[in-house]
Amino acid sequence: MIRKAVLPVAGFGTRCLPASKAIPKEMITIVDRPVIQYVVEEAIAAGIREIVLVTSSNKSAIENHFDTHAELEASLEKKGKHELLTMLRNIVPDDVSIISIRQGVPLGLGHAVLCARPILGDDEPFAVLLPDVLVDNSANSATDLAGMLAAYDQQQTAQLMVEEVAWEQVEKYGIVAPAGDVPAANESADLAGMVEKPKRDAAPSNLAVIGRYALPGHIFSILEKTPPGAGGEIQLTDALETLREQMGVQAYRMQGVTYDCGQPLGYLEATLAYARRHPEFGEAFQTLLSRYHQGE
């Protein structure tokens with residue numbers, strides 16, 4: 001099973017300005033924790049035990065969040081705040097390692113993934129999780145990430161997690177073209193290709209790629225040779241198309257719900273969803289919602 005994951009967090013987060021001017025967009029809070037912590041927790045719950053953060057010079061807050069804060073912990077210990085101390089120490093379990101590596105120049109998602117090569121090497125498969133997207137499996141018995149990693153283990157074929165979107169929305173996404181029937185939830189299907197933001201009439205399906213990938217180490221040698229594409233950047237999509245031609249790629253259809261935290265409305269929607277069921281704040285938050293609803 002895949003036990004390693006790459007989280008590309010080096011981007012500027014321009015869609016979240018001015019909130020992301022001084023702090024990374026990944027550190028913007030959803031209820032009581034930064035969005036990146038949800039993504040790390042998702043990875044850990046799926047069996048990931050080594051996480052590589054691909055960062056940049058303005059993202060030290062992310063590294064600090066997952067590092068030990070000796071002075072703060074000593075202060076909490078001294079004041080007898082043991083519950084808070086336990087919470088801080090459990091952000092990263094003892095059997096999980098988080099490693100950072102810099103992407104010196106912002107040359108695209110494909111380049112960000114390639115930056116993890118010195119740590120991961122070319123011989124092991126790994127997952128890629130984009131921290132812009134939260135995958136909510138609270139209504140499901142198992143997580144979509146765990147299901148996709150199991151599908152890779154079974155098929156030994158690269159997996160792209162996809163979700164069904166409204167046909168009116170296909171122009172906003174990268175859309176996959178299944179080679180045969182559209183896969184059912186929790187199942188994979190071979191791909192005939194991928195189309196970036198197609199017109200509705202030209203879209204081969206309404207299955208959108210949502211930022212979760214299970215990839216073979218061979219993708220690094222492909223990325224190394226991938227020329228700059230759209231925007232003059234090295235595009236992961238271009239490398240995936242080469243990988244599909246060489247070894248095949250499958251789409252894994254998720255069953256959960258996604259929230260696009262790459263833009264402010266996505267943060268607001270995620271806050272609503274996660275706050276309503278929060279074990280400590282949920283009931284009070286529901287009361288707040290009712291009060292504002294009544295005031296309309």
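Biologist: Which strand do five bridges join to S1, and how do the two run?

Modeller: Five bridges join S1 to strand S4 (residues 50-55), and the two run parallel; strands pair if DSSP finds at least two bridges between them, and strands (E, at least two residues) and helices (H or I, at least four) are DSSP runs numbered from the N terminus. In S4, Val54 is the bridge partner of Pro8. This is a predicted model, in which local features need pLDDT of at least 70, side-chain atom pairs count only at pLDDT 80 or more, and totals for chains, interfaces and linings use all residues. Residues are numbered from 1 along each chain as its sequence is written, and side-chain values use heavy atoms, with hydrogens and water left out.

Biologist: To which other strand is S1 joined, by two bridges?

Modeller: Two bridges join S1 to strand S6 (residues 126-129), again running parallel, and Ala127 in S6 is the bridge partner of Ala5.

Biologist: Are the faces of S1 buried or exposed?

Modeller: Buried means under 20% relative accessible area, exposed over 50%, and partly exposed in between (1.4 Å probe, protein chains only). Lys4, Val6 and Pro8 on one side of S1, and Ala5 and Leu7 on the other, are all buried.

Biologist: What describes two packed helices?

Modeller: The angle between their axes and the distance between the axes describe them. Axes are lines fitted to C-alpha atoms, for helices over the stretch in contact, with angles from 0 to 180 degrees between N-to-C directions. Here the axes of H3 (residues 70-78) and H4 (residues 82-89) come within 8 Å and cross at roughly 155°.
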